[in-house]
Amino acid sequence: MSDSELTKLESVPFRITDPELIPAERYYDEAFFQLEKEKLWPHVWQMACRLEEIPEVGDYVEYTILDKSVIIVRTKTGVKAFHNACRHRGLRLASGPGNCAKSGFICPFHGWRWNIDGENTFVFGKHVFTPELLDHAEIDLAPCRVEFWAGSAFINFDDNAPSLLDSLGPVAERLNARNADKLKMDWWYGTVLPTNWKIAMEAFQEGYHTMKTHPQLHQLSALGNPFGNDADGLVFNRGLTGKETVGMHIDFLARLSSGMGGMVHDSEVEVLESLRDMEVSDDPLEATMAFYAKAHEEITKDALARGAPMFDIAKVAAEVEFHAVEFMFPHYFLLPMLGAMSSYRIRPLTPETCLFEIWSLVLRPEGEEYETPTGPTILPYNSPDFPEIPRQDYSNLPLQQLGLHAGEFKFMRLSKDTEGMISNYQRLIDGYIAGLDPQRLAKAQNIVNAGFEGPISDIGF
Ligand code: FES
Ligand SMILES: [Fe+2]
C-alpha cells in the first residue's frame, strides 16, 4: 500500500487499529454514519430488487438507500435503472411498486413525461425554455448502473467501481451451483430494528451466539458445543442409537424450518420426516452419513418429480464449499441449507435504526401458480408473528445497541477464531471510508464475502 493510501486509512475516525477490537462509536456516531453515507454506500453494489418483483414490461420498483432513490423498471429490452428525480426541478418521480407500461412516468408538479425507457416524451410549454436546456441527454431520466445476479438487480452509483461479479468474488459460484438464480419468493417480511445496520448484520456473522440465543438449535445440533474443550457435545458421543441420531438430525432441520421459516422449506421437511424409520447402522457417525446421503437424494428426487429446477444436492454438497451463511458485502446475505434458502437485506435508516428484510426463497416448479408478494409485510420487531429464530435475535440486538452507550464501553472484543468476519467486514468499511483504490477494495471484498464463522483474515490493508 502506498504512503498516501496509508495516510488516508489512518485518518478514518474510530478506525480499527487492532482487528480484535471494534470501537463502539462506529455504531452510533453521527459523523461516522455520515462518512458511510458519503464514502461507502455510493460505491458498493446493492441488491436493489428481486427480478420476480417486476415480471411484466412496465413493472417497476423504487429502491431507496438513505437519501438516494432509484427506479428499477422492466422494459421491452431488459431491466433498467434510473435515478428517481424529475429532470425539471427534481421531484421524486416514482414510489414503487407499480406499472408504467401505459402511462410512462409523469411528474406531478408540471407534468413532464418519460416513457418506460426513461426518454422524455413531453415538456409542457417547451417554448418558454432555452432550447439547449431541453437537450435529450439533459432531460431523459439519468441512468443508474445496474447488473444482475442470482435473480436480483444490483445497483451501483459509482461508474468506476469494478463489475458486480468481480466485486462478489467466489461466493457467486458457490451460490450459482445451488441454482440461486432460479429461487422464487415464498414470503417477504420486514421490520425496523432500533440498531445500527452493522449490529444487525453482525448477528449473522458468527454462530457463537447460538448456545445462549437459540438454545433450541444448540441442543439439537449435531456439533453440540463446537467451542468446548472436549467433544462430549458431539452427536456421535451422546450415546444415541443410529435411529435416534437420525431422529435428532430431522428434529434439528425441522426446528430450523419452523424457526427460520424458509431456510429449510416445508416440502423438504416432509421428505425428511419420511426418513425417520430408515434402516441405519447403530454407529452414530455412519448413521449420520447415511441419513444425509439419503436426505440429499430424496429431496432432489422429490423436487425434480414436481418439476422444480433443483440441483443435485448430494453432488453440490460433495463438490462445492458449503457455508451456512453467504455474504454479499455490504448488506445482503443468503442462507443455503438444502434446496431452499433464506435471504436477508439490512439497510441503514439512521445511525441507530435499520430496515431489516427477510425473504424465504424456494426452487418452485416453473409456471406453478403462486401469489408472489409485492412488498414486505412490515411488522414491529417484537411481533410474535416473526419466526422463532429472528425473534430471538431481535430480542437481543436492541439491548446491544443500548449497551454500546454505557459509560465504560469502549470496544467490542472479538473472538479471533470465530467472530473474525465482523472484523473483516468492519475493516473493509474503513477501506471505503479511506477511499482506497477500487480494485483493492474489490479484492478485499472477495475475501470478506467468505461465509460465516471465519477467523480474522488479511484483507490486504
Ligand atoms: S418538477 Fe417535474 S415537471 Fe417540474
Ligand atoms: Fe441468531
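**Figure 1. Strand S11 and its partners.** Strand S2 (residues 46–50) pairs with S11 in the antiparallel sense over 4 bridges. In this predicted model, local features need pLDDT of at least 70 and side-chain atom pairs count only at pLDDT 80 or more, while totals for chains, interfaces and linings use all residues. Residues are numbered from 1 along each chain as its sequence is written, and chains are lettered from A and ligands numbered from 1 in the order in which they are written. Helices (H or I, at least four residues) and strands (E, at least two) are DSSP runs, numbered from the N terminus; two strands pair if DSSP finds at least two bridges between them. Cys-49 stands opposite Ala-153 in S11. Strand S10 (residues 145–149) also pairs with S11 in the antiparallel sense, over 5 bridges, and Phe-148 stands opposite Ala-153. The hairpin of S10 and S11 has 2 residues between the strands, and Ala-150 in the turn has a positive phi of about 55°.

**Figure 2. Burial of strand S11.** A residue is buried if 20 or more other C-beta atoms lie within 10 Å of its own, exposed if 12 or fewer, and partly exposed in between, with C-beta atoms placed from the backbone. S11 (residues 152–156) has 5 of its 5 residues buried. In a regular strand the side chains alternate between the two faces of the sheet. Here both faces are covered, with Ser-152, Phe-154 and Asn-156 buried on one side and Ala-153 and Ile-155 on the other.

Figure 3. Strand S3 (residues 59–65) is largely enclosed by the rest of the structure, because 5 of its 7 residues are buried. With strand S6 (residues 98–99), S3 forms an antiparallel pair over 2 bridges, in which Asp-59 stands opposite Asn-99. With strand S4 (residues 68–75), S3 pairs in the antiparallel sense over 6 bridges; Glu-62 is opposite Ile-71 of S4. The S3 and S4 hairpin has 2 residues between the strands. Leu-66 lies in the loop between S3 and S4 and has a positive phi near 55°, although it is a residue other than glycine. Leu-66 is partly exposed, with 16 other C-beta atoms within 10 Å.

**Figure 4. The largest nonpolar core around Val-70.** A nonpolar core is a set of buried Ala, Val, Leu, Ile, Met, Phe, Trp, Tyr and Cys residues joined through C-beta atoms within 7 Å. The largest has 111 residues, and those with the most contacts inside it are Ala-48, Val-70, Ile-71, Ile-72, Ala-81, Ile-155 and Ala-200. Two residues are in contact if their C-beta atoms, placed from the backbone, lie within 7 Å. Not counting residues up to four places away in sequence, Val-70 touches Ala-48, Tyr-63, Ala-81, Phe-82, His-83, Asn-84, Cys-144 and Ile-155.

Figure 5. Thr-374 sits in the loop between strand S16 (353–362) and strand S17 (377–378). With 14 other C-beta atoms within 10 Å, Thr-374 is partly exposed. Leaving aside neighbours within four places in sequence, the contacts of Thr-374 are Glu-53 and Pro-97. Pro-97 belongs to the loop between strand S5 (78–83) and S6, and a cis peptide bond with omega of about 0° joins Gly-96 to Pro-97.

**Figure 6. Helix H11 and its packing.** Helix H11 (residues 284–305) has 22 residues and reaches 31 Å from its first C-alpha to its last. This is close to the 32 Å expected at 1.5 Å a residue, where the expected span is 1.5 Å times one less than the number of residues. The buried residues of H11 are Pro-284, Ala-287, Phe-291, Ala-295, Ile-299, Thr-300 and Ala-303. They pack against helix H9 (242–260), helix H10 (266–273) and helix H12 (313–319). Just after H11, Gly-307 takes a positive phi of about 85°.

**Figure 7. The six-stranded open sheet.** The sheet has 6 strands in the order S13-S14-S15-S16-S12-S17, with mixed pairing. Strand S13 (326–328) and S17 stand at the edges with a single partner strand each, so one side of each is left without a neighbour in the sheet. Strand S12 (residues 184–193) and S16 pair in the antiparallel sense over 9 bridges; Thr-191 is opposite Phe-356 in S16. In the loop between S13 and strand S14 (332–336) is Pro-330, and the peptide bond from Phe-329 to Pro-330 is cis, with omega near 5°.
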